[in-house]
Amino acid sequence: MAGTAPVGRSAGPADRRDTPVPAAAPAAVAAPAATDSTEVYRAVQASAAFQDIRHSYRSFVFPVSGVFLGWYLMYVAAQAAAPGLMRIQVAGPFNVAWLLGLLQFASTFLLTWLYARNARTKRDRAALGLRWDTQDQLR
């Protein structure tokens, strides 16, 4: 289409094809080479102590997360698939659905407590030691 301006530009006297294009701005200063801190952190990440901390974390978190997810999905599936079972009265106005729903909250608090205890007893001391060693290397 003749006479139309490119998208994002207005048509008019300033829109001339023979106008010189300004030179590109000078390139930004190149990023500095890898610093000593980068090497220290990479060495820490590759160390056996760090790998032990990660293994300890994963060996607790992944199974517990899987168990909790299974427990939650079982509750949801029971609500959908077995409404008669969920209506069974347990005590007074509480039925199985209420009991399992309240147990979801209780299990959340229990797992939070277990995670904090596991971190405190198995990982925190090792991680703090690794942190101090790293900070000493960076000084």
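**Reading helix H4**

Tutor: Leaving aside residues up to four places away in sequence, Val-96 touches Leu-85, Met-86, Ile-88 and Val-90. Contact here means heavy atoms within 4.5 Å. This is a predicted model, where local features need pLDDT of at least 70, side-chain atom pairs count only at pLDDT 80 or more, and totals for chains, interfaces and linings use all residues. Residues are numbered from 1 along each chain as its sequence is written, and side-chain values use heavy atoms, with hydrogens and water left out.

Student: Where does Val-96 sit, and is it buried or exposed?

Tutor: Val-96 is in helix H4; helices (H or I, at least four residues) and strands (E, at least two) are DSSP runs, numbered from the N terminus. Buried means under 20% relative accessible area, exposed over 50%, and partly exposed in between, using a 1.4 Å probe and protein chains only. Val-96 has 17% relative accessibility, so it counts as buried. Its C-alpha atom is 7.2 Å from that of Leu-85, eleven residues apart along the chain.

Student: Which residues make up the largest nonpolar core?

Tutor: First the idea: in soluble globular proteins, nonpolar side chains tend to be buried together. A nonpolar core is a set of buried Ala, Val, Leu, Ile, Met, Phe, Trp, Tyr and Cys residues joined through side-chain atoms within 4.5 Å. Here the largest one has six residues: Tyr-75, Ala-78, Met-86, Val-96, Ala-97 and Leu-100. Helix H2 (48-81) and H4 are the elements that give two or more residues to this core, and H4 gives the most, with three. As for Leu-100, it touches Trp-71, Tyr-75 and Met-86, not counting residues up to four places away in sequence.

Student: What about Gln-104: buried or exposed?

Tutor: Gln-104 has a relative accessible area of 9%, so it is buried. It lies in H4, which covers residues 96-138. Not counting residues up to four places away in sequence, Gln-104 touches Phe-68, Trp-71, Tyr-72 and Tyr-75.

Student: At what angle do H1 and H4 pack?

Tutor: Axes are lines fitted to C-alpha atoms, for helices over the stretch in contact, and angles run from 0 to 180 degrees between N-to-C directions. Helix H1 (residues 36-46) packs on H4 at about 155 degrees, with the axes 10 Å apart. Angles under 35 degrees count as roughly parallel, over 145 as roughly antiparallel, 65 to 115 as roughly perpendicular and the rest as oblique. H1 and H4 are therefore roughly antiparallel. On the H1 side, the contact is made by Ser-37, Val-40, Tyr-41 and Val-44; H4 brings Leu-130, Thr-134, Gln-135, Gln-137 and Leu-138.
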